[in-house]
Amino acid sequence: MTETSPRVVVVGGGLSGLTAAYQLSLELPDAHVTVLEASASPGGALHTVDFPSGPMELGAEAFIARRPEASQLVVELGLTDSLRHPGPLGPAILTGGRAVPMPRGTLMGLPSDVDALSEVLGPAEREVAAREADLPLAWEPGSDVSLGALVAERFGPAVVARLVDPMLGGVYAAPSSGLGLRQVVPGLAEALDRGAPSLTAAARQLTGTRTPGPVFATLDGGYRVLVDALAAASGALIRTGARCTSLRREGNGYTLAVAGDRGSWTENTDLVVVAVPVRHAAPLLTAAGGLDAGEQALSGIRTASSAVVALEVDRSTNLPERSGILVATDEPVPFKAMTFTSHKWPHLDTRPGHLVRVSFGRLDDDEVLASDDAALTRMAGSALGGLCGSVPTILHSRVRRWTDALAEIGPGHDARIAGVRAELAERLPGVELVGGATEGVGVPACIGSARAAARRLAAKWQD
């Protein structure tokens, strides 16, 4: 390619799209980058709203500080002074009608010490789980299996329902039976690859070598601080209320049809980043001629919907001295998790009331999400009252629904996405797919996926 100032269109202005735009501005400083965002504002799953007392998150709440992708980006954008970490309180698990502390020495719910499970498992269930350390393990290095199926087979189904699924439910909104071990807990897969004789031994290795320091981090002022900084640093033209309806190849470039609040138009471009959820990306790329087998691969990724109810409640409410509550999947309550935001994040414990987040929605169980916002808010208040012993006085509330937003990352996911990318490279050169259904759910994974895709596009342009 001979043109020195490429045109780039990024379809989707969430974290992945904005990160791709920012990285392209670094790799191709002369590029003209346009971001098309269908909603009224950029950010996607990073959604900060204003309560009368200050900002509150209705989307992603934090990122894993020990992974480099998000931490490095925060440094690059000059946001280090805004970093905040959780306090010392840990979560509890709601099981058997009681909120019990998360057992010590667990790895994403996998136990490294069965003796620590006395408040979560009954005597017979603990006996089953204790046998895991001595069970022969047939593991082929490099393989991938259903995390939930393997844990249930070796520890028993109670460990899945009361430990593993509650830990993963807030991130994936999917049971661990449909999640791939290698993608969801890569450290565990690597320990098994190295010859760990059991899941107990692998979990013990990993929990025994954890890096000191806080696991999670967020930003003072909310994730909108990151969204605004990315948008500014990218130098991109960000068009909100602009939905891409089609993509077609035109010579060495592409034409995108866009429907917006101000009418319809086309965007002509040299390079394209598709950064929208798979339910939108798959038909867009297939209609453009970019996918055949890849269309089935993307359409086969199941997605879950969820809802977050954010509350500020009167300080007379006696919150449990925990960072939050994870709910066992065999517990008969409508919500799946609750975060005591004021307790978890000390920098937010200065508001007139307590801040609380209540999450609803699991894969294949959307009945509760059919309730309207007022009903969800009532459910959230009732759930909080049940845990606190008294009905809370709600000072302020907001509800945010996330439709088909969380991908089920199943076994063999890496190979599936590699096949999709190979098809795109052959049929639609200069088009990249990024987002939470590619390299995995979570802020660091989305950042890493977007930056890698931007680097590939820049390398192709410069060849």
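Where is the place of D463? The place of D463 is in the segment after α15. Helices (H or I, at least four residues) and strands (E, at least two) are DSSP runs, numbered from the N terminus. The model is a predicted one, so local features need pLDDT of at least 70 and side-chain atom pairs count only at pLDDT 80 or more, while totals for chains, interfaces and linings use all residues. Residues are numbered from 1 along each chain as its sequence is written, and side-chain values use heavy atoms, with hydrogens and water left out.

D463 is exposed, with a relative accessible area of 71%. Buried means under 20% relative accessible area, exposed over 50%, and partly exposed in between (1.4 Å probe, protein chains only). P136 is 327 residues away from D463 along the chain. The C-alpha atoms of these two residues are separated by 51 Å.

S16 gives a contrasting case. This residue lies in helix α1 (residues 15-27). S16 is buried, with a relative accessible area of 7%. Contact means heavy atoms within 4.5 Å. Leaving out residues up to four places away in sequence, S16 touches A275, V434, G435, G436, C446 and A450.

Helix α8 (residues 199-207) is largely enclosed by the rest of the structure, because seven of its nine residues are buried. They are L199, T200, A201, A202, A203, L206 and T207.

Helix α13 spans residues 373-388 and has 16 residues. From its first C-alpha to its last, α13 reaches 22 Å. That is close to the 22 Å expected at 1.5 Å a residue. The expected span of a helix is 1.5 Å times one less than its number of residues. The buried residues of α13 are A375, L376, T377, A380, G381, A383, L384, G385 and C388. Their packing partners are the strands β17 (303-313), β19 (335-339), β20 (354-360) and β21 (394-407). Just after α13, G389 takes a positive phi of about 90°.

Rolling a probe the size of a water molecule over the atoms shows where empty space is left. On a 1 Å grid over the protein atoms alone, a cavity is a set of points where a 1.4 Å probe fits but cannot get out. A pocket is an open set with protein on both sides within 12 Å along at least five of seven lines, and lining residues have an atom within 4 Å of a point. Grid points are joined across faces, edges and corners, and a volume is the space filled by probe spheres set on the points.

The second largest pocket holds about 160 Å³ of space. Its lining consists of L94, G97, R98, A99, V333, P334, F335, M379, S382, A383, G386 and L387. Both β8 (98-101) and α13 supply at least two residues of this lining. The largest share, five residues, comes from α13. By class, the lining of this pocket has eight nonpolar, three polar and one charged. Here Ala, Val, Leu, Ile, Met, Phe, Trp, Tyr, Cys and Pro count as nonpolar, Asp, Glu, Lys and Arg as charged, and the others, Gly among them, as polar.

The structure holds two cavities of 30 Å³ or more. The largest cavity has a volume of about 130 Å³. Of the 14 residues that line this cavity, E57, T218, G222, H347 and L348 are the closest to its centre. The largest share, three residues, comes from β4. The lining of the largest cavity divides into five nonpolar, five polar and four charged residues.

Strand β4 (residues 54-57) pairs with strand β3 (residues 48-51) in the antiparallel sense over four bridges. Two strands pair if DSSP finds at least two bridges between them. A hairpin joins β3 to β4 through two residues. F51 stands opposite G54 in β4.

The second largest cavity has a volume of about 30 Å³. F63, A70, L73, V74, L219, Y223, L226, V443 and I447 line this cavity. Helices α2 (68-76) and α15 (443-462) each supply at least two residues of the lining. The largest share, three residues, comes from α2. The lining of the second largest cavity has nine nonpolar, no polar and no charged residues.
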